[in-house]
Amino acid sequence: MPYRADMKLRRLILEADVTGKRPEARQKIQEMLTQREQPPSVVCSAFFWAAGESAVVGDYETERRLLLSAFSLAPKSSELELLQRLAFCLRNLKDYRGAARYMELAATLVLENSPDYINVLYNLAIMMKNDKRLDEALTIIRAALKKSPGSWNLRIIESGYMIMNNQREEGMKFFEKIERPR
């Protein structure tokens with residue numbers, strides 16, 4: 001399917017992963033994007049890949065720049081992923097307030113009945129904890145626990161956040177009651 005830019009992009013990314021020839025893949029992707037106007041979803045995916053490549057080598061400023069470039073043309077279907085990527089990028093840059101804000105925006109895009117809901121709440125709680133908003137992080141964890149009451153990980157995090165939030169005794173009691181998963 002030579003007319004499918006999305007398939008060509010996927011093939012280039014796959015080749016980069018399999019062969020390890022990332023500089024060549026980067027060049028081919030750049031050429032592909034400049035040859036003719038590509039669909040926004042393809043351009044956005046190319047920015048995501050390039051941003052991920054920058055993140056792997058610890059160049060978070062470049063990752064941020066690439067993700068922000070993708071923002072203006074991201075289709076609706078890519079907004080959640082983009083906001084989450086920006087949140088984690090800013091977390092790596094130690095901009096915890098910005099990371100929490102992007103994750104809050106991402107959370108507004110996820111419906112409560114979505115399979116992504118608990119994961120987004122989990123990530124939001126982590127970003128809020130990093131931003132020293134432990135009360136809000138605990139509220140978010142408890143909301144996630146209402147949807148997934150058997151989550152061992154969420155219960156461990158809740159007890160840890162309670163301890164960090166000057167509720168040491170309650171947090172320790174809560175921790176002792178947590179049953180290990182099978």
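**Salt bridges in the predicted model**

1. E81 has a relative accessible area of 37% and is partly exposed. The model is a predicted one, and the values here are computed from it. R85, at 27% relative accessibility, is also partly exposed. The two side chains form a salt bridge, with an N to O distance of 2.9 Å. Both residues belong to helix α5 (residues 79-92), where they sit 4 residues apart, about one turn of the helix.

2. A salt bridge also joins the side chains of E104 and R133, at 2.9 Å from N to O. E104 is in helix α6 (residues 96-108), while R133 is in the loop between α7 (117-130) and α8 (134-147), so this pair ties together parts that are 29 residues apart in sequence. R133 counts as buried because its relative accessibility of 11% is under 20%. E104, at 22%, counts as partly exposed.

3. E104 and R133 also belong to a network of salt bridges, in which they are linked with R97, R101, D131 and E136.

4. E53 and R22 make a salt bridge through their side chains (2.9 Å, N to O). This pair links distant parts of the chain: R22 is in helix α2 (residues 22-35) and E53 in helix α3 (residues 40-56), 31 residues apart. E53 is buried, at 12% relative accessible area, whereas R22 is partly exposed, at 26%.

5. For the overall tally, the count of salt bridges comes to 14, with a salt bridge taken as a side-chain nitrogen of Lys or Arg within 4 Å of a carboxyl oxygen of Asp or Glu.

Methods: Residues are numbered from 1 along each chain as its sequence is written. This is a predicted model: local features need pLDDT of at least 70, side-chain atom pairs count only at pLDDT 80 or more; totals for chains, interfaces and linings use all residues. Side-chain values use heavy atoms; hydrogens and water are left out. Helices (H or I, at least four residues) and strands (E, at least two) are DSSP runs, numbered from the N terminus. Buried means under 20% relative accessible area, exposed over 50%, partly exposed in between (1.4 Å probe, protein chains only).
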